Amino acid sequence: MPFSDEQYFQAISSNEVVKGAFEQIKAACQTLKEGTGCPDEDVDDFLEFLVGKWQ
């Protein structure tokens, strides 16, 4: 069962490791968007592509 948005935000606010990972991923997405000029949908698609491939 997937986490709800509320559960994710709770984890981000209460766990420094999760918060750090969230901030790093968010910054990387912003850098990607700014550096390529691609729309949000392309960044979303890229993140979806990465699911399961990060290991």
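This is a predicted model: local features need pLDDT of at least 70, side-chain atom pairs count only at pLDDT 80 or more; totals for chains, interfaces and linings use all residues.
**Entry 1: helix packing.** I looked up how helix H1 (residues 5-14) sits against helix H2 (residues 16-36). Their axes come within 5 Å and cross at roughly 105°. I therefore logged H1 as roughly perpendicular to H2, since angles of 65 to 115 degrees count as such.

**Entry 2: the contact.** Next I listed the residues that meet. From H1 I have Ala11, Ile12 and Ser14, and from H2 I have Glu16, Val18, Lys19 and Phe22. By class I noted four nonpolar residues, one polar and two charged in this contact.

**Entry 3: salt bridges.** How many salt bridges does a search of the whole structure find? I recorded two.

**Entry 4: Glu23 and Lys26.** The side chains of this pair form a salt bridge at 3.9 Å, N to O. The cut-off is 4 Å, so the pair counts. I checked the spacing as well: Glu23 and Lys26 lie three residues apart in helix H2, which means about one helical turn separates them. For Glu23 I have a relative accessible area of 36%, partly exposed. Lys26 is also partly exposed, with a value of 36%.

**Entry 5: Asp40 and Lys33.** Here I found a salt bridge between the side chains at 2.4 Å, N to O.

Notes
Residues are numbered from 1 along each chain as its sequence is written. Side-chain values use heavy atoms; hydrogens and water are left out. Axes are lines fitted to C-alpha atoms, for helices over the stretch in contact, and angles run from 0 to 180 degrees between N-to-C directions. Helices (H or I, at least four residues) and strands (E, at least two) are DSSP runs, numbered from the N terminus. Angles under 35 degrees count as roughly parallel, over 145 as roughly antiparallel, 65 to 115 as roughly perpendicular and the rest as oblique. Contact means heavy atoms within 4.5 Å. Ala, Val, Leu, Ile, Met, Phe, Trp, Tyr, Cys and Pro count as nonpolar, Asp, Glu, Lys and Arg as charged, and the others, Gly among them, as polar. Buried means under 20% relative accessible area, exposed over 50%, partly exposed in between (1.4 Å probe, protein chains only).
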